Amino acid sequence: MAMKLTKGPVQLNGACQVPGDKSISHRAVMFGALAKGRTVARHFLFSADCLATIGAFEKLGVTISRDETSVTIEGVGFHGFKPAKQSLDMGNSGTSTRLLLGLLAKQPFPMRFIGDASLSQRPMGRVLAPLTQMGAQMTATAGHLPIEVASNTHLQAIDYQLPVASAQVKSALIFAALQADGPSTLTEKLATRDHTERMLRLFGGDIQQKGLALKIKPQTNLTGQTFTIPGDPSSAAFFIAAATLLPNSEVILLNVGLNQTRIGFLEVLGQMQSDIQVIQADSGFEPTGTLKIKSASLQAMHITADMIPSIIDELPLVALCATQAEGVTTISGAAELRVKETDRIATVTAELRKMGAHIEEKPDGMVITGPTPLHAVNAQLDSHGDHRIAMMLMVAALLSKDQFTLENADAVAVSYPKFYEDLLGLVN
Ligand SMILES: O=C(O)C1=C[C@@H](OP(=O)(O)O)[C@@H](O)[C@H](O)C1
Ligand SMILES: C=C(OP(=O)(O)O)C(=O)O
């Protein structure tokens, strides 16, 4: 599908509530299935990625029902899954694949994991290596999907230093460690999103944290819960960027997740001199709040490796903001961007260059010189099938005020099916 707009607007105004957090929605289904009893997750994100997680559990015999905004999971416990008659199709979702490989590493029946063309090129060795060390029986083709998981009845505890900063790897190993034969220790290089740890505690589990080290005891007695999922800060980021960059804008975003491991984009924009007011709400199992964003003139900044995990999914937008900021912005230590839905260093550079941006590609980041006006006419913008690139380019195209076409615009279905509707609803 190609998105076409005939005339770019000049400002964004109004209030919006972005859909539920993608990372937390995946985990709600996973913990809901593993627990005993019923789980109800409100403000659930019904996007293609989360539907892949739901579909996998349904194939494993879990009953999951939904209404417009919530999902209900009838938990079966760690030992209640039934052999799937078909392959488990992970679609485009790295989170579903990696977390489920850990969660399902000890089942007394074989499984086959498959995914779409993009997912089938993404590295899975990062979870297969430690899971195999724990005793899981998994076979991939050169570290990629499809993956055959053999029947397995034993997992050994592990003491593991994560070589990449990845919440997906950490979470896969937490799920496996819950089913191991003794306590496991996982140590991170940099703090990554901690939604798995928080949700484990919410479901009655225990996980000890000391600095960057996690200690997990074997435990399979989780209890179903009812809770509300906060708005996804990574989806909110598109509105934050658009309101900041489009002059005379003022946007209020309600019920946005403000977990410390996810607010790097707010911190980066703050350092770039944005105008964002954060009103914290009462903290539940995940902190949330309201954001009020006004237009601002941005200044360049240097983004280094230690900041990357908390802005990993927002980096395409950081690059866009940098094209409008005064000075030279550098992003380094972000090589992980190369193994996302697309090589996001390459796609961001290529697409924003088409619009006239000054961006230089580096092996682990980008160097962006601003401010430069962006032009979308005849740019033939293309998301390359990557949802975050599609949404970033939509914001970039609004800035250009030009008529434009965005190829593969429907990629937004992966994390935010109603993105265009919500964004254009604030345009005036
Ligand atoms: O754990 C998660 O829910 C996620 C972790 C991150 O991936 P990595 O762990 O591969 O960095 C992030 O990019 C992805 O969108 C969601
Ligand atoms: C990288 C992402 O997701 P996943 O790894 O789950 O495909 C993302 O949503 O930007």
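Domain bounds, as used here, come from an automatic or database domain assignment. In this predicted model, the assignment for the protein chain gives domain 1, made up of 3–16 + 262–268 + 298–424, and domain 2, which covers 22–217. The centres of domain 1 and domain 2, taken over C-alpha atoms, are separated by 30 Å. Contact between the two domains involves 13 residues of domain 1 and 14 residues of domain 2. On the side of domain 1 that touches domain 2, six residues are nonpolar, three are polar and four are charged.

The residues around ligand 2 are Asp49, Ser93, Gly94, Thr95, Asp313, Lys340, Glu341, Arg388 and Ser415. Its shell contains no nonpolar residues, the classes present being four polar and five charged residues. Ligand 2 lies between domain 1 and domain 2, because both domains give residues to the shell around it.

Helix H5, which spans residues 167–177, is mostly covered, with eleven of its eleven residues buried.

An open sheet of four strands, with mixed pairing, has the order E18-E19-E21-E20. Strand E18 (302–303) and strand E20 (358–362) stand at the edges of this sheet, and each has a single partner strand, so one side of each is left without a neighbour in the sheet. The pairing of E18 with strand E19 (residues 327–331) is in the parallel sense and extends over two bridges, and Ile303 has Ile331 of E19 as its bridge partner.

Two helices lie across strands of this sheet. Helix H9 (residues 315–323) lies across E18, E19, E20 and strand E21 (365–370), and runs at about 25° to E21. Helix H10 (residues 344–354), in turn, lies across E20 and E21, with a direction at about 160° to E20.

A further pair of strands is formed by E16 and E17. Strand E16, comprising residues 275–280, is hardly covered, since the count of buried residues among its six residues is zero, whereas helix H5 is mostly covered. E16 pairs with strand E17 (residues 288–294) in the antiparallel sense, over six bridges. Within this pairing, Val278 stands opposite Leu291 in E17.

Definitions and conventions:
Residues are numbered from 1 along each chain as its sequence is written. Chains are lettered from A and ligands numbered from 1 in the order in which they are written. This is a predicted model: local features need pLDDT of at least 70, side-chain atom pairs count only at pLDDT 80 or more; totals for chains, interfaces and linings use all residues. A residue is near a molecule or strand if its C-beta atom, placed from the backbone, lies within 6 Å of it. Ala, Val, Leu, Ile, Met, Phe, Trp, Tyr, Cys and Pro count as nonpolar, Asp, Glu, Lys and Arg as charged, and the others, Gly among them, as polar. A residue is buried if 20 or more other C-beta atoms lie within 10 Å of its own, exposed if 12 or fewer, and partly exposed in between; C-beta atoms are placed from the backbone. Two strands pair if DSSP finds at least two bridges between them. Two residues are in contact if their C-beta atoms, placed from the backbone, lie within 7 Å. Axes are lines fitted to C-alpha atoms, for helices over the stretch in contact, and angles run from 0 to 180 degrees between N-to-C directions.
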